[in-house]
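Please consult the sequence and the coordinates alongside the text.

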Amino acid sequence: MADVIHRARHPYTVGLMGSIPSIVEERERLAQIDGTMPRLTAISVGCAFHPRCPRASERCKRERPSLAPGAATLAACWHPVVTQAGA
């Protein structure tokens, strides 16, 4: 679970973690995920997050990604965030 929090690989998880206030550092503004969640009846053919994802490509619009293994986590993403070990 700590890897998901500290070394998130999916852009949505990165956005969620960036929106949590820190108790050790003060930020003027928290991160925000642009757009709105789609209705469950309107989820697209490709990745459900692609309309709001800053890393989305044409492939994301057409194909739903499978879970891709990472270090200790899995991410269903064509363009997962790469983190450095120990970061």
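Lys-61 and Glu-58 are joined by a salt bridge between their side chains, with an N to O distance of 3.2 Å; a salt bridge here is a side-chain nitrogen of Lys or Arg within 4 Å of a carboxyl oxygen of Asp or Glu. The model is a predicted one, in which local features need pLDDT of at least 70 and side-chain atom pairs count only at pLDDT 80 or more, whereas totals for chains, interfaces and linings use all residues. Residues are numbered from 1 along each chain as its sequence is written, and side-chain values use heavy atoms, with hydrogens and water left out.

**Salt bridges**

- The whole structure contains two salt bridges.
- Lys-61 and Glu-58 lie three residues apart in helix H3 (residues 58-62), and therefore about one helical turn separates them; helices (H or I, at least four residues) and strands (E, at least two) are DSSP runs numbered from the N terminus.
- Lys-61 is partly exposed at a relative accessible area of 43%, where buried means under 20%, exposed over 50% and partly exposed in between (1.4 Å probe, protein chains only).
- The other pair is Arg-59 and Glu-63, whose closest N and O atoms are 3.6 Å apart.
- Arg-59 is partly exposed, at 35% relative accessibility, and Glu-63 is partly exposed as well, at 32%.

**Cysteines**

- The structure has zero disulfides, a disulfide being a pair of cysteine sulfur atoms within 2.5 Å.
- The closest cysteine sulfur to that of Cys-60 belongs to Cys-47 and is 6.0 Å away, which is too far for a bond.
- Cys-77 likewise takes part in no disulfide, as its nearest cysteine sulfur, in Cys-53, is 5.8 Å away.
- Cys-60 is buried, with a relative accessible area of 6%, and Cys-77 is buried at 11%.

**Largest pocket**

- The largest pocket holds about 220 Å³ of space, the volume being that filled by probe spheres set on grid points joined across faces, edges and corners.
- A pocket is an open set of points on a 1 Å grid over the protein atoms alone, where a 1.4 Å probe fits, with protein on both sides within 12 Å along at least five of seven lines; lining residues have an atom within 4 Å of a point.
- Its lining comprises 15 residues, with His-10, Thr-13, Leu-74, Ala-75 and Ala-76 nearest the centre.
- Helix H2 (11-18) and strand E2 (74-75) each contribute at least two residues to this lining.
- By class, the lining has ten nonpolar, three polar and two charged residues; Ala, Val, Leu, Ile, Met, Phe, Trp, Tyr, Cys and Pro count as nonpolar, Asp, Glu, Lys and Arg as charged, and the others, Gly among them, as polar.
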